[in-house]
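Dear colleague,

I am handing over the structure we spoke about, with some notes to read beside it. Please look through the model before you turn to the text below.

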Amino acid sequence: MHYTFCMQDFFFSLWNHMPWVWLVLTVVFILIEATTMSLTTIWFACAAFVMVFISLLPLPGHWQLLIFTLISLLLLIFTRPIVRKRLRLKKTATNSDSLIGRKTVVQDAITALEKGTVKIGGIVWTARCADDSALAPGEECVIQSIEGNTLIVKKSEKEI
């Protein structure tokens with residue numbers, strides 16, 4: 001028995017099983033979303049799930065693809081920003097990021113032209129002023145940001 005592969009037979013067979021094709025695509029998109037957690041492919045999964053039921057109607061394949069694309073894009077454009085906003089988790093500061101906003105005391109003088117040092121958590125850090133002002137040893141300052149291994153500080157409102 002000799003069998004030759006024919007694209008027409010393949011597409012005819014695929015057409016007869018479109019609900020299953022859309023169901024498989026739903027699962028694939030869900031698996032991709034589960035591994036990436038990017039809130040992108042979940043909308044394609046939702047659209048593919050809707051297409052499981054729409055594919056039961058006598059619609060040509062190109063119309064099904066068009067409907068799938070429209071549903072996916074509408075979900076992606078209009079619902080993704082809302083869901084991202086609601087699911088946004090507060091970022092927990094870790095390691096050196098947790099220093100931002102903390103108060104510390106100047107160890108070595110900081111001038112507009114020279115870096116100085118501050119001590120926080122038992123560790124001495126190189127520091128410079130955010131506004132090019134000068135800070136004397138013993139003055140209290142607040143850490144504004146971190147650039148490399150240098151803390152960017154600003155004079156605190158209150159003295160120690």
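What follows is a short account of the chain, its helices and its sheet.

This is a predicted model, in which local features need pLDDT of at least 70 and side-chain atom pairs count only at pLDDT 80 or more, while totals for chains, interfaces and linings use all residues. Residues are numbered from 1 along each chain as its sequence is written, and side-chain values use heavy atoms, with hydrogens and water left out.

The chain holds five helices and five strands (DSSP runs, H or I of at least four residues for helices and E of at least two for strands, numbered from the N terminus), and along the sequence they follow the pattern α-α-α-α-α-β-β-β-β-β. Of its 160 residues, 25% count as buried, that is, under 20% relative accessible area with a 1.4 Å probe, protein chains only.

Helix α4 (residues 61-78) packs with helix α5 (residues 80-87) at an angle of about 40°, their axes lying 4 Å apart (axes are lines fitted to C-alpha atoms over the stretch in contact, and angles run from 0 to 180 degrees between N-to-C directions).

The strands form a closed barrel of five, in the order β1-β2-β3-β5-β4, with mixed pairing, where two strands pair if DSSP finds at least two bridges between them. Strands β1 (residues 103-108) and β2 (residues 116-120) run antiparallel and are joined by three bridges; V105 has K119 in β2 as its bridge partner.

Notes. Buried < 20%, exposed > 50% of the residue type's maximum accessible area, 1.4 Å probe, protein only.
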